[in-house]
Amino acid sequence: MGNKYLLLSLCLWALTCSLLPSFSYGLMRIGLKKRTLDLEAIKAARMVREKLRLSRPMMGANDHSVNKPGIEDDIVPLKNYLDAQYYGEIGIGTPPQTFNVIFDTGSSNLWIPSSKCYFSLACYTHHWYKSSKSKTYVKNGTSCKIVYGSGSISGFFSRDSVTVGDVVVKNQDFIEATREGSLSFVLAKFDGILGLGFQEISVENALPVWDNMVLQNLVNEPVFSFWLNGDPNAKSGGELVFGGVDPKHFVGNHTYVPVTTKGYWQIEMGDFYIGGVSTGVCEGGCAAIVDSGTSLLAGPTTVVTEINHAIGAEGVLSVECKEVISQYGELIWDLLVSGVRADDVCSQVGLCTMRDQSKSAGIEMVTEKEQKDLSAKDTALCTSCQMLVIWIQNQLRQESTKDRVFNYVNQLCESLPSPNGESVVDCQSIHILPNITFTIGDKHFTLSPDQYILKTGEGIAEVCLSGFIAFDIPPPRGPLWILGDIFMRVYHTVFDSGNLRLGFAKAA
């Protein structure tokens with residue numbers, strides 16, 4: 001009989017432990033989910049990146065049903081947008097008003113749209129914070145502004161309770177945005193940003209949410225860690241763990257390096273290798289920022305140009321330009337030679353919206369089905385077509401031969417820079433591309449082609465993009481590298497604010 005009671009007690013104990021939230025063990029977990037990659041969304045994200053300090057993407061995906069039945073109270077499911085940008089739901093106020101925010105190690109303030117935002121379109125497409133609805137709201141009123149390149153937000157500070165998972169951070173200062181001065185914020189489907197950087201780069205020196213979590217003893221230790229699932233087919237996108245690390249998230253031991261400059265999570269990086277060959281660029285050391293809010297790997301133009309040349313990457317605009325020459329060059333030539341007005345050529349070909357529904361003599365328009373198939377690329381292909389018309393027309397005036405004209409415009413296509421940084425790689429050549437290696441703490445951290453190339457689409461619509469973008473940060477912060485989600489997916493990353501260090505280990 002005694003053994004039965006003992007067995008029953010053990011079963012009840014095990015059941016109780018299994019039902020306890022993970023925060024009972026000093027860790028607070030935030031589940032990550034991810035969305036499929038999409039070329040048009042990538043282009044939109046590049047546009048938005050230009051609005052952000054240090055190229056942090058400001059795009060997300062709105063999902064009002066984040067908390068789902070069966071999920072522990074201390075789990076905050078996050079969405080992964082473009083397989084790179086991660087965001088999740090937090091609550092502000094009592095009772096909590098919910099907002100989708102990016103968890104961004106590259107900034108330090110928490111901001112969300114205010115109900116007092118009357119004159120910005122972006123505010124009308126997102127959730128508002130209403131101070132009158134919160135029992136714990138405390139007025140501050142200090143005005144502020146955050147500049148993100150050509151975009152900015154402005155507003156004023158307020159204080160309230162902030163709920164992150166099962167944790168309630170009391171007396172947290174945050175920004176109520178009353179003006180979001182960029183179209184980028186209209187396009188973005190997140191509401192705001194929760195910065196996980198240091199107080200040194202916080203506007204008005206406001207104490208970041210993470211610092212308050214530590215000061216209020218809401219976590220076991222001053223450490224948080226990112227595990228981003230590298231399996232593109234997995235349902236789980238990974239986890240953000242506050243208060244420590246989960247041994248299941250990594251293999252082997254972490255390599256720890258000190259934070260060299262408080263503000264961003266900035267470290268020193270050593271030599272950089274392409275296919276095992278030193279570039280010599282960082283032999284004397286390069287600054288690098290580990291930024292969960294950046295999707296790709298950003299670095300100085302000189303190095304990224306070498307990388308993209310080595311992997312055969314071409315600017316997206318160059319590829320689309322060549323595509324127009326290959327598929328429509330002969331027709332464009334014939335139309336111009338036959339006397340069709342230059343302004344009408346691209347609509348006749350079907351790459352631009354028609355200005356006139358009538359047909360030119362003897363010229364058959366593309367079918368409605370073809371028009372529909374082209375709609376996804378309409379803007380880029382139309383732009384390429386219009387440029388080609390101008391180039392060919394200028395060459396015709398010089399009475400150049402057909403072969404010489406097409407050779408000339410092909411060269412011009414190759415010279416076209418991608419305005420938003422994206423570069424295309426031949427999907428069939430990925431297996432022969434070189435490995436790329438970073439040196440951190442005298443150890444090599446290697447990315448294989450499958451890890452630094454992003455794929456989107458299927459079949460004939462498949463597109464492969466280089467994970468490297470050129471982005472030059474001016475002094476005094478730059479020049480530097482930004483190690484974004486591509487790097488963090490391969491290497492489990494520990495942010496140790498107590499010891500001012502970052503740790504990297506092979507992700508499980």
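**Exercise 1.** Determine whether Cys123 is buried or exposed, and describe the disulfide that contains Cys123.

*Solution.* Step 1: Cys123 has a relative accessibility of 0%, so Cys123 counts as buried. Buried means under 20% relative accessible area, exposed over 50%, and partly exposed in between, with a 1.4 Å probe and protein chains only. The model is a predicted one, in which local features need pLDDT of at least 70 and side-chain atom pairs count only at pLDDT 80 or more, while totals for chains, interfaces and linings use all residues. Residues are numbered from 1 along each chain as its sequence is written, and side-chain values use heavy atoms, with hydrogens and water left out.

Step 1: The partner of Cys123 is Cys117, with an S to S distance of 1.9 Å. A disulfide is a pair of cysteine sulfur atoms within 2.5 Å. Cys117 is also buried, because its relative accessible area is 0%.

Step 2: The S-S torsion of Cys117 and Cys123 is about 80 degrees, so this disulfide is right-handed.

**Exercise 2.** State how many disulfides the structure holds, and locate the one formed by Cys352 and Cys382.

*Solution.* Step 1: The count is five disulfides.

Step 1: The sulfur atoms of Cys352 and Cys382 are 1.9 Å apart. The torsion about their S-S bond is about 105 degrees, and the disulfide is therefore right-handed.

Step 2: Cys352 sits in the loop between helix H7 (342–349) and helix H8 (368–374), and Cys382 in helix H9 (residues 378–397); the pair links distant parts of the chain, 30 residues apart. Helices (H or I, at least four residues) and strands (E, at least two) are DSSP runs, numbered from the N terminus.

Step 3: Cys352 and Cys382 are both buried.

**Exercise 3.** Explain why the disulfide of Cys427 and Cys464 ties together separate parts of the sequence.

*Solution.* Step 1: Cys427 and Cys464 are joined with an S to S distance of 2.1 Å. Cys427 belongs to the loop between strand S19 (423–425) and strand S20 (436–440), whereas Cys464 belongs to strand S23 (residues 463–466), so the pair ties together parts 37 residues apart in sequence.

Step 1: The S-S torsion is about 120 degrees, so this disulfide is right-handed.

Step 2: Cys427 counts as buried at 18% relative accessibility, and Cys464 counts as buried at 0%.
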